[in-house]
Amino acid sequence: MIKIYLENEEQTRDIGFKLGKLLTPRSVVCLIGDLGAGKTTMTQSLAQSLEVDDYITSPTFTIVNEYEGKMPLYHFDVYRIGSSDEMYDIGFDEYINGDGVCIIEWANLIEDILPDEYLYIEMNYKENGREMILTPKGEKYEEIVKELTK
């Protein structure tokens with residue numbers, strides 16, 4: 001687990017952009033944290049690094065938004081999910097095992113169906129900025145965190 005203090009939104013955008021450059025097809029990034037702490041901002045900058053031209057919004061009511069860039073981006077917001085079983089109804093397996101990058105906001109609500117390996121990011125308010133806690137699950141994500149924190 002690595003903690004990073006982000007002083008402002010620009011730093012959140014910078015680290016999101018850098019993270020996006022390190023991701024490959026079938027990457028899974030799980031985001032949790034305080035409301036308004038930067039999860040969607042992180043996703044927007046990550047999408048920019050994947051050359052997604054669309055405006056990224058949180059898919060609170062649709063559960064998943066799909067974007068095309070240099071590789072597909074699947075942006076989930078599972079805040080309103082009643083159970084993990086609902087994820088299978090929208091084809092969660094196909095997204096996770098597809099050729100794109102999956103970003104899952106509120107991933108703690110579906111931990112029982114997450115793949116074995118992923119990057120877990122917690123974002124919370126801290127003093128006048130945000131604290132970002134990176135917890136890699138698996139060797140691929142350990143390498144990503146090392147690169148991200150250089």
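Guide: Welcome! Helices (H or I, at least four residues) and strands (E, at least two) are DSSP runs, numbered from the N terminus. This model is predicted, so local features need pLDDT of at least 70 and side-chain atom pairs count only at pLDDT 80 or more, while totals for chains, interfaces and linings use all residues. Residues are numbered from 1 along each chain as its sequence is written, and side-chain values use heavy atoms, with hydrogens and water left out.

Visitor: Where is Trp 106?

Guide: Trp 106 sits in the loop between β5 (101–105) and β6 (118–126). Its phi is positive, about 65 degrees, although Trp 106 is not a glycine.

Visitor: Why is Trp 106 called buried?

Guide: Buried means under 20% relative accessible area, exposed over 50%, and partly exposed in between (1.4 Å probe, protein chains only). Trp 106 has 14%, so Trp 106 is buried.

Visitor: What makes Asp 112 exposed?

Guide: Asp 112 has a relative accessible area of 61%, which is over 50%, so Asp 112 counts as exposed. Asp 112 is also found in the loop between β5 and β6.

Visitor: How do you know that Arg 13 and Glu 9 form a salt bridge?

Guide: A salt bridge needs a side-chain nitrogen of Lys or Arg within 4 Å of a carboxyl oxygen of Asp or Glu. For Arg 13 and Glu 9 the N to O value is 3.1 Å, so the pair qualifies. Both residues lie in helix α1 (residues 9–22), four residues apart, about one turn of the helix.

Visitor: How many salt bridges are there in the whole structure?

Guide: A search finds four, including Glu 147 with Lys 150 at 2.8 Å.
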